[in-house]
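Here are my notes on the model, as numbered points. Please read them with the coordinates open.

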Amino acid sequence: MASTAYDLYYLVNGERYFWRSAGHGVTLIDAERDSAIAWRNQAGEAGRQLWTDIVSVNMPDTDGKDAVDKCRIDFRGGRFLMVTDAGISGKVDRARVPVYRDFIRALHERLAEAPEGAIRFTCGVSPTYRKAMLALGVITVLLFVVAPAVLVVDFHEWRAIGPLTAGATFIWPFWKKIGTNRPHVYNPHHPPGEPID
């Protein structure tokens with residue numbers, strides 16, 4: 001049996017905050033039929049799932065240098081593991097970024113060998129979350145861009161130029177984030193963030 005350990009923080013199932021979890025340490029275990037992914041806490045091994053239990057891998061797109069990268073691995077039965085390059089604070093830990101990239105590369109090399117269709121590889125947010133983001137985006141554009149523009153053009157209310165400019169400036173990054181995080185399927189041979197040969 002061969003295994004490779006990665007000093008990365010993780011969350012399991014409904015956990016939301018890294019500083020509430022003593023869990024860090026994810027291991028990829030190569031043992032033929034018993035190949036698995038395991039995670040540790042201060043007391044030792046906290047969980048383990050076989051490769052064959054993995055049903056999907058999701059990697060939300062990030063669009064900033066200070067954005068936290070994370071990979072959600074869903075297992076049969078509803079259990080999931082979220083592995084990240086964040087530190088205990090939940091913010092990006094520069095020392096863990098190359099470790100995280102190595103983990104992602106190694107994970108996908110193993111999972112790419114699964115039968116086609118056995119594991120779904122997705123990038124971006126869920127379709128439901130994206131619809132909510134789009135609805136919120138439309139509302140904010142109507143309130144903070146369209147309304148001030150109407151005041152300026154139709155009523156010559158020049159004081160609305162300031163709110164129009166501020167609204168457009170603040171809404172643009174939000175729309176950019178919506179575009180970046182559109183849900184789509186990716187090829188496990190080329191995980192997000194990896195250069196394509």
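1. Start with the crossing of the two helices. H2 passes H3 in a left-handed crossing. Both belong to a predicted model. H2 covers residues 127–155 and H3 covers residues 161–180. They pack at an angle of about 160 degrees. Their axes lie 9 Å apart. The angle is over 145 degrees, so H2 and H3 count as roughly antiparallel to each other. By class, the contact of H2 with H3 has 18 nonpolar residues, four polar ones and two charged ones.

2. Next, the link between these helices. His156 sits in the loop between H2 and H3. Its phi is positive, about 50 degrees, although His156 is not a glycine. Please look at the backbone there.

3. Leu151 is part of helix H2. Leu151 and Ile161 are ten residues apart in sequence. In space, C-alpha to C-alpha, they are 8.7 Å apart.

4. Gly167 belongs to helix H3. Its relative accessible area is 8%, so Gly167 is buried. Its C-alpha is separated from that of Leu107 by 42 Å. Along the chain, Gly167 and Leu107 are 60 residues apart.

5. Helix H1 spans residues 97–111, which makes 15 residues. How far does H1 reach from its first C-alpha to its last? The span is 21 Å, close to the 21 Å expected at 1.5 Å a residue. Leu107 is one of the buried residues in H1.

6. Now the strands and their loops. Glu32 lies in the loop between strand S2 (24–30) and strand S3 (36–41). Its phi is near 50 degrees, a positive value in a residue other than glycine. Is Glu32 buried or exposed? At 77% relative accessibility, above the 50% cut-off, Glu32 counts as exposed.

7. Arg40 is in strand S3. Its relative accessibility is 41%, so Arg40 counts as partly exposed. Val26 is 14 residues away from Arg40 along the chain. Yet the C-alpha atoms of Arg40 and Val26 are separated by 6.5 Å.

8. Gln49 is found in strand S4, residues 44–50. Gln49 has a relative accessible area of 11% and is therefore buried. Which side chain does the Gln49 side chain contact? It makes a polar contact with the side chain of Asp53, at 2.9 Å. Please inspect this pair in the model.

9. Last, Thr84. This residue is in strand S7, residues 80–84. Its relative accessibility is 1%, so Thr84 counts as buried. The Thr84 side chain reaches the backbone nitrogen of Ala86 at 3.0 Å.

10. One is the positive phi of Glu32, along with that of His156. Another is the polar contact between the side chains of Gln49 and Asp53.

Terms used
Residues numbered from 1 in each chain as written. Predicted model: local features only at pLDDT ≥ 70, side-chain atom pairs only at ≥ 80, totals over all residues. Heavy atoms only, no water. Axes fitted to C-alpha atoms, helices over the stretch in contact; angles between N-to-C directions. Helix = DSSP H or I, 4+ residues; strand = E, 2+ residues; numbered from the N terminus. Parallel < 35°, antiparallel > 145°, perpendicular 65-115°, else oblique. Left-handed = near helix turned anticlockwise from the far one by under 90°. Nonpolar A, V, L, I, M, F, W, Y, C, P; charged D, E, K, R; others polar. Buried < 20%, exposed > 50% of the residue type's maximum accessible area, 1.4 Å probe, protein only. Polar contact = N/O pair within 3.5 Å; in protein donor to acceptor, adjacent residues only side chain to side chain. Expected span 1.5 Å × (residues − 1).
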